[in-house]
Structures are given as C-alpha cells and as structure tokens.
Amino acid sequence: MTASRPAFLHLSPADTVGIALRALPSGEEALGVTLRADVPLGHKFAVVAMPAGTAVVKYGQVMGVATADIAPGDHVHSHNCAMSDSHSDRADAKGRLHAAPGRQTFQGYLRPDGRVGTRNYIGIMASVNCSSTVCNAIAEAANRTLLPRFPGIDGFAPIVHDQGCGMASAGEGFDALVRVLKGYRDHPNFGGVLIVGLGCEVNQLTLYKRTDWTEERIGIFNIQDVGGSASAVRRALELLEPICAAADQDRRSEQPVSKLVLGMQCGGSDGFSGITANPALGVASDMLVAAGGTSILSETPEIYGAEHLLIARADAETGRRIEGMIDWWRDYAARNGASLDNNPSPGNKRGGLTTILEKSLGAVAKGGLSPLAGAFAYAEPIRIPGLVYMDSPGYDPVAATGQVASGANLIAFTTGRGSCFGAKPAPSIKLASNSDLARRMPEDMDIDCGVVVEEGVSLEEMGRRIYDLLLDTASGKRSKSEEFGYGDNEFVPWKIGATL
C-alpha cells in the first residue's frame, strides 16, 4: 500500500462499519473513531455504536446482526456479529449501466449450429464412473500420439466423473447428470467428442446419440463390447482418427461478441472481493451484455440474503423462479442438517468475511447493473443474451461445470485467498481481489484487481481491462490455469439424491 493511499474505506453513508485497507493497530484513528482493537487487513471496524440485536450494515445493506454490544472502534467479526434472520430489502439503487465498449468482435470457431467456440478441444467423455479410468487413458494416449499430428486441435480433454450408476434412473439427480453430459457433448469448444460407457450402467449411451452430427465428429462405444479396457483404448484411437482430421481443419474467424457466453465464479473470497474484483467483473459483464453477449451468475447459497437485488432487476416470472430456488435451498439445507450460514468458509472468515449475507452482497456485484433476463435450472441450455441466473451450489467446480454445460465458452473466476482452478473445455481466467495475492501467486492470477485500492484505478477502468482480457482469451490467449494444465480434474456434476 503506497503512503498516499487511504488506510481504510467507508463504502456507503449508510454503513455502520469501515474496512481496513491495511492492518490497523489498536489506538489508530479511522473514520472519526479510535480503534479499540487491532483490525486485520480486509476486516471491519465499527464507526457507530451497535447495541446487541441491531443491524450491521455494509454496502448499504444489512449483512448481519450484533450478537453483543459493539462500541465505535471495535473490530466487527464473527465474535460479535452473526447471520441476521431478516435480510435487507433495499434494492432501489439502480446505478448507471456501462455503455457498449469499442471492441465488438473476437476470433472464434464457428460451429454448424451457429454457436462459437473459444477453444478447439476433442472431448473424451465417460458416461459412468466405470469408464472414467479408460477415458483418462484414452486422453493420455491421444495427447501423446495424435496431438502432434493434428496441430489445429488444442488437446484431448477427459470428461470423467463418479456418477452414472448406483443411482435412481429418474429424478433430480439423474436429470441433472444427463443435462450436464449433453451440454458438454454439444459444447462449441469441442470440435468433436468420443463418449465411452461400460455397458451395464444406469446412464446408458443410447441417451447421447446424435443424428444431426456426421460420424466424423462423434464416436460412441461401450467397453464391454470391444474386448476390455486395453482394447477400448485401441478402439478409441481408431475412432478418433476421422474426428481429429475434421476438427484439425477448423480455423478461427472474426465473430461478434454476442457469441460469447461468460460463466462468472468467485471462490476463496475475502473482504476485498466485494470491493474490487467482483464489482470490476460486474462492469465487464455489463460491457459484454451491452455488446449482445451473455453472462451467467450462479451459486445460489452465495446469493442468499442478496437475492432481492437480482429480483428487483427481473421480470415477475424470473423473480418467482429465483425465489423458488432460494426456498428449495432452505429446505435442502434443513433436510441435510445444514444451514446456509455454514458459508463463509474458514478461509473466507480469515480474509474478513463474517456472514453469508456479507459474502452474498459482494458476490452479487459480479452481475453488474444489467437487467436480469432469465433464470435457469442447473446445466439447463441457455440460448438467450443478457445477464442470466443459473441455479447451482456454491461449490466452485460443481457450479462451473453447470455453467459450461449451459453453454459458457469462457469462465471468469474472482478470488481473494488464492483459488486454483481450470474448466476444460472453457478457458478460465483468475481475478485477484488484492494485490498481495497477485504478488504471492503470480503463476495463477491473470489480472490484479487490487490496484483499485492500491493505485486508485477506477472500477470502470478495471472493468475495461477485464473485458479486453476476456476477448483476448476468447481469441486464443492462454490463461494461467491453461498454462499449468488445469481442467482435467475439475469436471464435477452436481450429485443430488441417494447413492443406491
């Protein structure tokens, strides 16, 4: 932190807390109060007295309730602040939408269905956990032997998981798995796919045949039909020859930004996430939407308490769908002996987040100011432009898997603690909420949003930098997670229901 920059921040005149932009020692003066305790970086301190039972306000919204008397200058955290039973309903501040940006095109792969890919992978998909090891072996062999011969392909991505059998053949869990696998089968970032089953599983390959693809773009077989595991690898390499030959001919061309579908994630959040990275990504999202693109906001347990901010920007039907999702999650958590305030995680709390309400208010900032155009089930195909909502858990790999299945061809992932993540076949860029993280983990962070507080860079300018990086990445620039090789192990479909 440079000496000329402030050491603390007051986000809204209505806020009852300030935020430490560096570690503040007891006795220091801040926002007109004398600190009565040390306040760590990113944490909160009281700027007014808050008797036990009164609301704690941040972002101009209720984020919790005082569980003890809080005096001006006290450190405000989980020792004296907790989840509030009543959430704020203040949702009247609309703000100003960001104008369409100058850049309106990127270089992508136009597919026969009119969608556009940002990468040109071949997917090696398992229908069931029993074929996952074979699919990994196929991908490894293909990357070793076929990839050097077909340089127009980005690689062979194993799409493997632990489901597909030992589950009911109908219901929420089975339907979600089928939606996910069909979404990946049809994903525009795949130039072709090979789907491998065992043969006797609940999730039969007959569900995944396509009649509108030529045989040179898709292959399907069961291990039990070709002689076993080693034979399956040999058979796969034979089937991949024409698929590779076709995909190798695909070339990037100039495409409108309206063909981009951005999945927005946050993980390992901290006290700066809702101040820097998330609202800056919200600016970039608004720019993308203004250019005709689609942005997907998700992670329903992490919008809990801030859902009113989205509902206020939606039509009546979309608002009802979001309310229904929140009700489902309340019931789901209760049935499983959990509480939605189990979130934030220990790492979130060390970074300065106290309640799920506080975390949610910051997380919703990723959605910018655009109207909400629709709300969708987990992994449901999304074919409309604008800011949309997709139901999902807050667990990052599961949420991102659903977004990619819904059509996201690009992922933006904000983090304050240092999450490491990839999402093949969609490239994932990482946005650091604070500059200390960007300096500590330069091998994983693609952009430093901490300069918003370190250097006074405006959120508008930060959003434009993110928007430009999104278009560069969509056009082929490799992200840090791609350089390391993330994405082979982060395919995690949402598991709902009993294992039988």
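At what angle do the axes of helix H2 (residues 172-185) and helix H9 (residues 396-406) cross? The notes below start there.

1. **Basis.** This is a predicted model, in which local features need pLDDT of at least 70 and side-chain atom pairs count only at pLDDT 80 or more, while totals for chains, interfaces and linings use all residues. Residues are numbered from 1 along each chain as its sequence is written, and side-chain values use heavy atoms, with hydrogens and water left out.

2. **H2 and H9.** The two axes cross at roughly 55 degrees and come within 7 Å. That makes H2 oblique to H9. Angles under 35 degrees count as roughly parallel, over 145 as roughly antiparallel, 65 to 115 as roughly perpendicular and the rest as oblique. The crossing of H2 and H9 is left-handed. H2 brings Arg-179, Val-180, Gly-183 and Tyr-184 to the contact, and H9 brings Thr-401, Val-404 and Ala-405. These residues divide into 4 nonpolar, 2 polar and 1 charged.

3. **Terms for point 2.** Axes are lines fitted to C-alpha atoms, for helices over the stretch in contact, and angles run from 0 to 180 degrees between N-to-C directions. Helices (H or I, at least four residues) and strands (E, at least two) are DSSP runs, numbered from the N terminus. A crossing is left-handed if the near helix is turned anticlockwise from the far one by less than a right angle, and right-handed if clockwise. Contact means heavy atoms within 4.5 Å. Ala, Val, Leu, Ile, Met, Phe, Trp, Tyr, Cys and Pro count as nonpolar, Asp, Glu, Lys and Arg as charged, and the others, Gly among them, as polar.

4. **Cover on H9.** How many residues of H9 are buried? The count is 11 of its 11 residues. Buried means under 20% relative accessible area, exposed over 50%, partly exposed in between (1.4 Å probe, protein chains only). The buried residues of H9 include Asp-396, Gln-403 and Ser-406. They pack against H2, strand S17 (261-266), S18, S20 and S21. Gly-407 follows H9, and its phi is positive, near 125 degrees.

5. **Tyr-184 and the cores.** The largest nonpolar core has 101 residues. Such a core is a set of buried Ala, Val, Leu, Ile, Met, Phe, Trp, Tyr and Cys residues joined through side-chain atoms within 4.5 Å. Tyr-184, Tyr-389, Leu-431, Met-462, Ile-466 and Leu-470 have the most contacts inside it. Helix H4 (residues 277-290) gives the most to this core, with 8 residues. Another core, of 28 residues, lies apart from it; Ile-138 and Phe-156 are among them. Leaving aside neighbours within four places in sequence, the contacts of Tyr-184 include Met-125, Phe-190, Lys-424, Pro-425 and Phe-491.

6. **The cis bond.** Lys-424 and Pro-425 are joined by a cis peptide bond, with omega about 10 degrees. Pro-425 sits in the loop between strand S21 (410-415) and strand S22 (428-432).

7. Glu-299 has phi near 70 degrees, a positive value in a residue other than glycine. Its loop runs between strand S18 (294-297) and helix H5 (307-311). Glu-299 is buried, at a relative accessible area of 1%. Ala-379 is not a glycine either, and its phi is positive at about 65 degrees. Ala-379 is in the loop between strand S19 (372-376) and strand S20 (386-390). It counts as buried at 1% relative accessibility.

8. **H1 and H3.** The axes of helix H1 (residues 132-145) and helix H3 (residues 229-247) come within 9 Å and cross at roughly 45 degrees. H1 and H3 are therefore oblique to each other. Their crossing is right-handed. Contact residues include Ala-137, Ile-138 and Ala-141 of H1 and Val-233, Ala-236 and Leu-237 of H3. The contact divides into 10 nonpolar, 2 polar and no charged residues.

9. **Two buried helix residues.** Ile-322 is found in helix H6 (residues 316-335). Ile-322 is buried, with a relative accessible area of 1%. Leaving aside neighbours within four places in sequence, its contacts include Leu-310, Leu-372 and Tyr-389. Asn-278 is in helix H4. Asn-278 counts as buried at 1% relative accessibility. Not counting residues up to four places away in sequence, Asn-278 touches Cys-266, Lys-366 and Thr-414, among others.
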